[in-house]
Amino acid sequence: MKLQWWKILAILLLAYTIVAGFLTDVPRLAILHESIRNLYFHVTMWFTMIIVMLISLIYGIKYLGSQKAEHDIVAEETAKTGVVFGILGLITGSVWAKFTWGAWWVNDAKLNGAAATLLVYFAYLFLRSSIEDSEKRARISAVYSIFAYSMMIVFIMILPRLTDSLHPGNGGNPGFNTYDLDNTMRIVFYPAIIGWTLLALWIAEVRVRIHKLRLKQDEK
Amino acid sequence: MHLVGHHFRQEWKQRHAFFGLVLYCAATIFIAYLAFRNSIDTVTWNALFWIIMLFASVNALAKSFLSESRGRQLYYYSLVSAPVFYLSKLFYGIILMLVLSIISLIIFSALNGTPSWNFTSYFISMITGITGLAITLTMISAITSRSGSHTSMMAILGFPVLIPMLIIIIKASAKAMDGFSIAAMPKDFILLLSLMVMATALSYILFPYIWRD
């Protein structure tokens, strides 16, 4: 089987992320120390999740317009992939929090937003599994995901900016300029985002293919 | 508008259901009162009230779609367009919840005592908050009823979606308990109102897709 160019790119970028992520110089900051390298693994998980979920949402909307089963399959599998990356983001963040803030979990707008988003997507998958008829399942879950995603975006994007918190990018400081300003980190961080996102798309693509084959098999 | 009136007549015919809801709230509040014994501070007072209102609204609004029989839904379907039907259910849900919340607030403060709050401010944030809950849960109720599941599904689908709204509501009403006036917390209200507008607009657009079967 021939690998498509973007899959090769994903492998290269992730190899680069892991090697460069652990070996390059990072700014020495109090409290953070070497754990700052988690930026390449924790923050990128959330970027990937948001992007993959956005694709899921777009395919949900597309389904409502087209009623094509194919769109629904993409929406479902990307949502599942997004949940996996969300859980990974939660675990990496939790470990990071333990070593910098001293607790596995702190009561913080951004952390709670992340947990709420995961809850929404678990509910989405639960809703899917509870409806037998495939056409009805696709329609109702698309409506739910559009509704839920829009409410969540407000939560994750706007609410944390209005409250002070430990988490970078809050309480008025835009983005994560506090420690991302360092250029040596940028040259690893941006490729890392692209790499992880491509990996997620790859996983989703394989899952969509399996899903379609299974449907075909059932028809026979 | 006729339809809203119709929903209320329908409700009045089954008034035992409404009194059931009032009883549900009263019993929950009484249990909370017994559990806390007068050791309740303002933060707990506020949080407790909203948690009770959250469960009450899930129970109350589950009825707005789940209780309709299939035949009657088909009848409505042939009679009015989906957006009109949605709006009638929405108004009905909001008014039902407002009545229920006012009754609950009276019982709650009678038992647990009234804190030194800014009453007008608290009352306004309660009315706004309850309306927000009703808007979101009406849509969730429609989704749940179409998925053919029971009330428990409504909580599973509804709670995560409600988290953003609830956090703002609890924050705003906590400020009201500390004596702030509405004018002193514009940020919370703008955010809350924009969430409500967004939820209404989304439901209005999306409702036709779940309405036809």
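1. Basis. Residues are numbered from 1 along each chain as its sequence is written, and chains are lettered from A, with ligands numbered from 1, in the order in which they are written. The model being predicted, local features need pLDDT of at least 70 and side-chain atom pairs count only at pLDDT 80 or more, while totals for chains, interfaces and linings use all residues.

2. Chain A. Chain A holds seven helices and zero strands, where helices (H or I, at least four residues) and strands (E, at least two) are DSSP runs numbered from the N terminus. Of its 220 residues, 35% count as buried, a residue being buried if 20 or more other C-beta atoms lie within 10 Å of its own, exposed if 12 or fewer, and partly exposed in between, with C-beta atoms placed from the backbone. Among contacts in chain A between residues at least 6 apart in sequence, 74% join residues at least 24 apart; two residues are in contact if their C-beta atoms, placed from the backbone, lie within 7 Å.

3. The contact between the chains. On this criterion, 22 residues of chain B are in contact with 23 residues of chain A. The elements giving two or more residues to the chain B side are helix H6 (119-147), helix H7 (151-177) and helix H8 (186-211) of chain B, and H8(B) gives the most, with nine residues. The residues of that side divide into 17 nonpolar, three polar and two charged, with Ala, Val, Leu, Ile, Met, Phe, Trp, Tyr, Cys and Pro counted as nonpolar, Asp, Glu, Lys and Arg as charged, and the others, Gly among them, as polar.

4. Helix H7 of chain B. H7(B) bends by about 50° at Ile163(B), with a proline, Pro164(B), following within four residues; the bend is the angle between axes fitted to the seven residues ending at a residue and the seven starting there. Between its end C-alpha atoms H7(B) spans only 33 Å, whereas a straight helix of 27 residues would span 39 Å at 1.5 Å a residue, the expected span being 1.5 Å times one less than the number of residues. Because 19 of the 27 residues of H7(B) are buried, this helix is largely enclosed by the rest of the structure. Just after H7(B), Gly179(B) takes a positive phi of about 100°.

5. Ile193 of chain A. Ile193(A) lies in helix H7 (residues 183-219) of chain A and counts as partly exposed because it has 19 C-beta neighbours inside 10 Å. Leaving aside residues up to four places away in sequence, Ile193(A) touches Thr44(A) and Phe47(A). Ile193(A) and Trp46(A) are 147 residues apart in sequence, yet 9.4 Å apart in space, C-alpha to C-alpha.
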